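Hi everyone, thanks for making time this morning. Let me put the structure up on the screen, and then we can walk through it together.

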Amino acid sequence: MSEILAYGFMQRALMAAIFVGLLCSTLSFFVVLKRLSFLGAGISHTALGGIAIGLVLGIDPIITGSVFAVGTAMSTGYISRIGRVGEDTVIGIYYATGMALGIALISSFKGYYPELFALLFGNILSVTVRDLAIMAVVLVFVLLFVILFFKELLAICFDEEMAIAGGLPVNLIYMGLLAAMGLTVIVSIQLVGVVLVAALIVIPGAISFRLSKNYRGMLWLSLLFGLGGSVGGLFISYFFPVPPGAAIVLILAVAFALTMVLKPIFESGHRKTLLDK
Amino acid sequence: MVEKVVVAENLSVLLGRRKVLEDISFTVMRGQLTGVIGPNGAGKTTLLRAILGLVQVESGELNVLGYSKIDLKEVRPKIGYMPQLQSFEKRFPFSVADVVATGLLSPKTLFRRHVNLKKRISQALRSVGMENYILEPFQDLSGGEQQRVLLARSIVRKPELLLLDEPNSGLDFPAQRLFMELLISLKTEENLAVVLVSHDLVSVASFADQLVCINRTMHLHGSPLDVLNSPHLDEAYRCQFDLLSSTIGKERYEN
Ligand SMILES: Nc1ncnc2c1ncn2[C@@H]1O[C@H](COP(=O)(O)OP(=O)(O)OP(=O)(O)O)[C@@H](O)[C@H]1O
Ligand SMILES: [Mg+2]
């Protein structure tokens, strides 16, 4: 163990895995409760277009990518609330357009091919100190937002009509959540890539949703699985010839499959109803 | 003490370019149960949302608890609301107490905890007879039990006006009866004004103090017996109500 961490790139990769694991599992909790998983996939694929623009124009791709990701997330929410077009339709259009733009731009500049592969499937071992700093800033912002508006976010996920009727600033908070999703997806792309990031913001929440009927339990489990998956996947990829992104997603997928089998056992121990007493 | 809680005069509401409500006038008194009936798409939900200030009033007057139509936003904390069933997430990791607690959220509770949270929640649950379920997962309750918890959620903020949108749908007959009796006792204890939207004409007619029948425009407004026996009821629903209006009256139902 200690010998692995003697490498600087592994130390940075571990830090990145922890940051991204925390970020994704926190958002995953809300993504599952508010049924935003398709939006997650949509944001990441659209971001590819933004990143490509950055690469081609020589602007930092994290900036152009963030603009695209946050823009996609917030405008999807806005359009589906104002217009008569469903959220899934808007995402479906963004998704393909962003991806097409990305592929078109990147492949017209031959030299960028290696970067395309890293973008699609992640390259955690090349994380720099600057990347880590950006992740940390996003983590702080997202956690602050979630902690400040936690009960309101829950109420909106449970029953939006009631939250509006109660006078809560529902649109503002919802847009904040979408922006947090956009930023999380962007910084996570480095770890698992455009294609796999959607899994990272869905599976931890999905596993914990199956295991807990209590939101506190669900949140802790989501954090546990998110961190366990990202750090575990990193170590597996050190010992086996599997890219970290794929290893992380596969671990989480296996964990999800296990909950299908284990849930009945887990439940029988945990269910305590009035009738049982 | 008789006091006007809601006064609507020639109220009209536009949704998009469509006139959903037109020329509606009625008054809701404190301590009274007002039943709102009308066919699907008549604008009943829209009427409740107008009272909450969630949709704009196009013309006419609407006064709720002393607030005029332009500052209805301010009146929301004084109103308890139970939206039409489908509005909440069915499998949500909330306990019964969590569900009731969401009824206390308002702009005032942003960035802070509510004081007396536990006491308020158990009080509300006690008044709907669900205090023994306080820690149960909400998703494990039956439909009727969930309805009672949602009623507790709408009264936990101690409202002066209660707006209920088809709270009875999906309940079996005894559960409906129980729910209505619960509502009546709450209304009497707290001297609440209650506006109840329902498709169960028999049940509303037997419990309500007055009925408002709408279908875009208002057709009838008065005591339950007058409304149900009116020849205009058929017109509002655009179908024949022979059976209902000829055989069912308040006296018959009650014995
Ligand atoms: N945002 C909107 N834009 C345009 N029309 C709308 C909008 N929302 C609702 N409507 C229309 O307004 C009418 C009244 O709707 P409302 O939900 O108030 O009816 P309702 O009486 O509650 O019906 P139900 O008994 O089915 O619940 C319907 O014809 C509906 O199609
Ligand atoms: Mg309705």
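Between which chains does ligand 1 lie? Ligand 1 lies between chains A and B. Please keep in mind that this is a predicted model.

Let's stay with the ligand for a moment. There are 16 residues surrounding ligand 1, and the closest are Gly41(B), Lys44(B), Thr45(B), Thr46(B) and Arg216(B). Now for some polar atoms. His199(B) places a polar side-chain atom 3.0 Å from an oxygen atom of ligand 1. For Ala42(B), a polar backbone atom is 3.2 Å from a ligand oxygen. And Glu166(B) has a polar side-chain atom 3.5 Å from an oxygen atom of ligand 1.

On to the helices. Two packed helices are described by the angle between their axes and the distance between the axes.

Here is a pair in chain A: helix α10, residues 203-211, packs with helix α11, residues 215-239, at an angle of about 140°, and their axes are 8 Å apart. An angle over 145 degrees would count as roughly antiparallel, so α10(A) and α11(A) are oblique to each other. Their crossing is right-handed. Which residues make this contact? From α10(A) we have Pro204(A), Gly205(A), Ile207(A), Ser208(A), Phe209(A) and Leu211(A), and from α11(A) there are Met218(A), Leu221(A), Ser222(A), Phe225(A) and Gly226(A). Sorted by class, that contact of α10(A) with α11(A) has 7 nonpolar, 4 polar and no charged residues.

Still in chain A, look at helix α7, residues 150-158, and helix α9, residues 170-200: their axes cross at roughly 100° and come within 10 Å. That angle makes α7(A) roughly perpendicular to α9(A). The residues touching are Glu152(A), Leu153(A) and Ile156(A) on α7(A), with Val170(A), Ile173(A) and Leu177(A) on α9(A). In this contact of α7(A) with α9(A), we find 5 nonpolar residues, no polar ones and 1 charged.

Finally, over to chain B. Helix α3, residues 117-127, and helix α4, residues 143-155, pack at about 130° with axes 9 Å apart. That makes α3(B) oblique to α4(B), and α3(B) passes α4(B) in a right-handed crossing. Here Ala124(B), Leu125(B) and Ser127(B) of α3(B) meet Val149(B), Ala152(B) and Ile155(B) of α4(B). By class, the contact of α3(B) with α4(B) has 5 nonpolar, 1 polar and no charged residues.

Conventions: Residues are numbered from 1 along each chain as its sequence is written. Chains are lettered from A and ligands numbered from 1 in the order in which they are written. This is a predicted model: local features need pLDDT of at least 70, side-chain atom pairs count only at pLDDT 80 or more; totals for chains, interfaces and linings use all residues. Side-chain values use heavy atoms; hydrogens and water are left out. Axes are lines fitted to C-alpha atoms, for helices over the stretch in contact, and angles run from 0 to 180 degrees between N-to-C directions. Helices (H or I, at least four residues) and strands (E, at least two) are DSSP runs, numbered from the N terminus. Angles under 35 degrees count as roughly parallel, over 145 as roughly antiparallel, 65 to 115 as roughly perpendicular and the rest as oblique. A crossing is left-handed if the near helix is turned anticlockwise from the far one by less than a right angle, and right-handed if clockwise. Contact means heavy atoms within 4.5 Å. Ala, Val, Leu, Ile, Met, Phe, Trp, Tyr, Cys and Pro count as nonpolar, Asp, Glu, Lys and Arg as charged, and the others, Gly among them, as polar. A residue is near a molecule or strand if one of its heavy atoms lies within 4 Å of it. A polar contact is a pair of N or O atoms within 3.5 Å; within protein, one must be able to donate a hydrogen and the other to accept it, and residues adjacent in sequence count only if both atoms are side-chain atoms.
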